[in-house]
Amino acid sequence: MRPEVLIKKNANRSDCAGGFFPLTPALSLGEREQLCRRLVNRLLSNLTRCWIQFSLSPGERAGVRRKRRGNNFAGIKFAALILFSLALLLAAGCAHTERSGGVQPARYVPPADGFQTHRAIFTVLGKQYSFNGYLALSHTGGKRLLVTENFGMVFADVLIKPDGKIYVFQSNKIFTPRRIKKYVAADLEALFGDHHSKKTPVTLVSPEHLILKRSFYSLNLRIVQTKPGAQPDSMFDETKAQK
């Protein structure tokens, strides 16, 4: 049986067609960042108010009422030291939260052998497009990805062998063989390959939710279903690819 038929057979199964996927990406921990900023601002405001309340008058600076000045100044120094230390600690925490973006970048490790169903939102130039992905994995055969739109039209069918060679089985006017090799295959390797490129940063939001961002587009991908197990060798036969 031809590999295209095997993939389409898996793609058309009812258990692969389900799964809810929102059109908007999951929110980061922005509320935590806002709370942190409010605490820092409140501490700084208290520090400023404390300084103004106990600030020395010109007469006190000239030496008048030295005893009162000494007591007040000691209190100011102590309060300012505490408030400033707390503000620094909270500011450092806020900076760490902003750098991490609420999610820790991590690498997703797919099964060595298996079949996955994906739902993805592709955003480019402010517009969103939904795609389905069907990924066959083999530690000896490589990775074969079938990309379709919601009504089953195939946009791309690509195979990446373990040695990194790319073979295109199906393409169209939008996803040309050149674009499939340059973008689809590169994103597939960035998401599920052994090496992550700094040019295509991937954020692992959860074990089933990955976000990939390039300079002019982004891919918000959810893994709907994973079926571990060996896949047919015919699915990874590069001799049947386009010439």
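Reader: What makes the space of about 650 Å³ a pocket?

Author: The largest pocket holds about 650 Å³ of space. On a 1 Å grid over the protein atoms alone, a pocket is an open set of points with protein on both sides within 12 Å along at least five of seven lines, whereas in a cavity a 1.4 Å probe fits but cannot get out. The volume is the space filled by probe spheres set on the points, which are joined across faces, edges and corners. This is a predicted model, in which local features need pLDDT of at least 70 and side-chain atom pairs pLDDT 80 or more, while totals for chains, interfaces and linings use all residues. Residues are numbered from 1 along each chain as its sequence is written, and side-chain values use heavy atoms, without hydrogens and water.

Reader: How do the lining residues divide into nonpolar, polar and charged?

Author: There are 20 nonpolar, 3 polar and 4 charged residues. Ala, Val, Leu, Ile, Met, Phe, Trp, Tyr, Cys and Pro count as nonpolar, Asp, Glu, Lys and Arg as charged, and the others, Gly among them, as polar.

Reader: Why is Leu188 called buried?

Author: Buried means under 20% relative accessible area, exposed over 50%, and partly exposed in between (1.4 Å probe, protein chains only). Leu188 has 3% relative accessibility, so it counts as buried. Leu188 lies in helix H6 and is in contact with Leu135, Lys143, Leu145, Ile160 and Gly193, leaving aside neighbours within four places in sequence. Contact means heavy atoms within 4.5 Å.

Reader: And is Leu125 buried or exposed?

Author: Its relative accessible area is 79%, so Leu125 is exposed. Leu125 sits in the loop between S1 and S2, and its phi is near 55 degrees, a positive value in a residue other than glycine.

Reader: What makes a group of residues a nonpolar core?

Author: They must be buried Ala, Val, Leu, Ile, Met, Phe, Trp, Tyr or Cys residues, joined through side-chain atoms within 4.5 Å. The largest such core here has 29 residues, and Leu191, Phe192, Leu210 and Leu221 have the most contacts inside it. H6 gives the most to this core, with 7 residues.

Note on methods: Helices (H or I, at least four residues) and strands (E, at least two) are DSSP runs, numbered from the N terminus. On a 1 Å grid over the protein atoms alone, a cavity is a set of points where a 1.4 Å probe fits but cannot get out, and a pocket is an open set with protein on both sides within 12 Å along at least five of seven lines; lining residues have an atom within 4 Å of a point.
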